[in-house]
Amino acid sequence: MNLIGAILISLCSYFFGALLADSEKEKLCTLDALDLLFSDMQRQISSLRTPLYLIFGEFENERLEALGFLPLLRSQRSLQPIWSEAVALLDTDGDIKRELYIFGETLGNLPLDEQLKRIEYCKEIISLSRASLKKSLPEKQKSIKTVCLLIGLMTAIILL
Amino acid sequence: MNTSEILFRYLPIRISKALHSLPENLLLSIDEIRLRKDSPISATAGRKNLTFDESGRACPVSSAMCATSLEILECVSKLTEGSRYTCDEFIARGFIPLSEGGRAGICGRSDGRGGIGEIYSVSIRLHRLIPDAAKILVREFAERGVRDTLVCAPPAMGKTTFLRSAAFLLSRGEGINPMRVCIADERCEIAPSGTLFGLCDILSGIPKAEAITMLTRTMSPEIIICDEITESEAEAVLVAQSTGVALIASAHCTHPSELIKKGRLGRLVELGVFSLFVTLGDDRKARLPELEA
């Protein structure tokens, strides 16, 4: 009976670790989605000067939809009041969120060239963060799983 | 949508609330509202400038409600539908067209590249279609034939409303045979929605001289209508006239004789380009004065 309990605790810890590792992967998915969104904004604004409400209205991305980011941005035309709320829904790191908050302060209130520069800057930050997360992801996922499994094993040993 | 609803759509909530408290008849007669950074907000009804406090009571300028820079920013954001870059060219020329008609004039600091960086003032000006405003002109055309016409009035006396009505009546053939009317609408004021529902073609957002030339060459109009003509459009007007196109234009002055005295529109008046003049008085009624020799 004790042995079965110990195995169960270890397995639960391992799966918990796997879930945590997956959430890291989801962060990467969010950064991928943001990168696509910023590329779309850059393209639409520089070539067609599409208003932001149309860009957000027409952009399709499952991840940003699921997080509630896009639905919130589509809820009203003036972005200033809701941009920060939408960013808060993202599961990205604090640094990226901080940059996105700053970006939102002037979003839609700048002339073309300045707006494009801000988008380019934000896009670069996202790309850098994305590249570094992508690089460290397998290692990070492995260590999360290992640590969780070890915690589970130790708990099982103590309980035994 | 009435005029006050249009105003409320673009104004920050605090200013809308104050305006909402104004007497209804006054609110409906407002043609323009002006927001100035850290300075009094004013409304214009006819020729009267009105300042008010936060509770919507008329008050002297010294105690009038002021707009903050954030409110100016919010107003510009609403005017540009949250995407200022879509209006860069217009902003560089000092205005933002409103989708319902009319324009918001803007003032601010140059960005050093021919545009406006920080915006200090916004003046939202509303326009209405009063179909009968130019009836007197259409009747004159119907009786004595179409002629080059200059509409003279001081600012905010209804020149654009008159031109819009003339375009509407002439292109729909109200009291006259329908005519091909083209509008050189540089500031997107005469027909901001792009239609007047008659035989009317509208070229918006292009400098008047260029627009008159383009319309003459490509649209074979019978009449060209344009707002606030100046000496710099003289060449284009003369070319249009030589091809038999009639022009209906407007100019800032109380009487056509003033233009001659001050030498404004010199060449056009001297050459007798305009053979019919319309004046608009304080009552906004159109009159056809005889020009003294």
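Modeller: The axes of helix H8 (residues 208-218) of chain B and helix H9 (residues 234-242) of chain B come within 8 Å and cross at roughly 15°, where axes are lines fitted to C-alpha atoms, for helices over the stretch in contact, and angles run from 0 to 180 degrees between N-to-C directions. That makes H8(B) roughly parallel to H9(B), a label for angles under 35 degrees, with over 145 being roughly antiparallel, 65 to 115 roughly perpendicular and the rest oblique. Helices (H or I, at least four residues) and strands (E, at least two) are DSSP runs, numbered from the N terminus.

Biologist: And which residues of H8(B) and H9(B) make the contact?

Modeller: H8(B) contributes Ala209(B), Ile212(B), Thr213(B) and Thr216(B), while H9(B) contributes Glu235(B), Ala236(B), Val237(B), Val239(B) and Ala240(B); two residues are in contact if their C-beta atoms, placed from the backbone, lie within 7 Å.

Biologist: Before we go on, what sort of model is this?

Modeller: This is a predicted model, in which local features need pLDDT of at least 70 and side-chain atom pairs count only at pLDDT 80 or more, while totals for chains, interfaces and linings use all residues. Residues are numbered from 1 along each chain as its sequence is written, and chains are lettered from A and ligands numbered from 1 in the order in which they are written.

Biologist: Fine. Which residues touch the most other members of the largest nonpolar core?

Modeller: Of its 57 residues, those are Ala166(B), Ala167(B), Ile183(B), Ile212(B), Ile224(B) and Ile225(B); such a core is a set of buried Ala, Val, Leu, Ile, Met, Phe, Trp, Tyr and Cys residues joined through C-beta atoms within 7 Å. Helix H7 (residues 159-172) of chain B gives the largest share of this core, 7 residues.

Biologist: What does Ile225(B) contact, leaving aside neighbours within four places in sequence?

Modeller: Ile225(B) is in contact with Leu163(B), Ala166(B), Ala167(B), Val181(B), Ile183(B), Ile190(B) and Ile248(B).

Biologist: Changing topic, where does Asp38(B) lie, and is Asp38(B) buried or exposed?

Modeller: Asp38(B) sits in the loop between strand S1 (32-36) and strand S2 (39-45) of chain B, and it counts as exposed because it has 10 C-beta neighbours inside 10 Å. A residue is buried if 20 or more other C-beta atoms, placed from the backbone, lie within 10 Å of its own, exposed if 12 or fewer, and partly exposed in between. Phi of Asp38(B) is near 55°, a positive value in a residue other than glycine.
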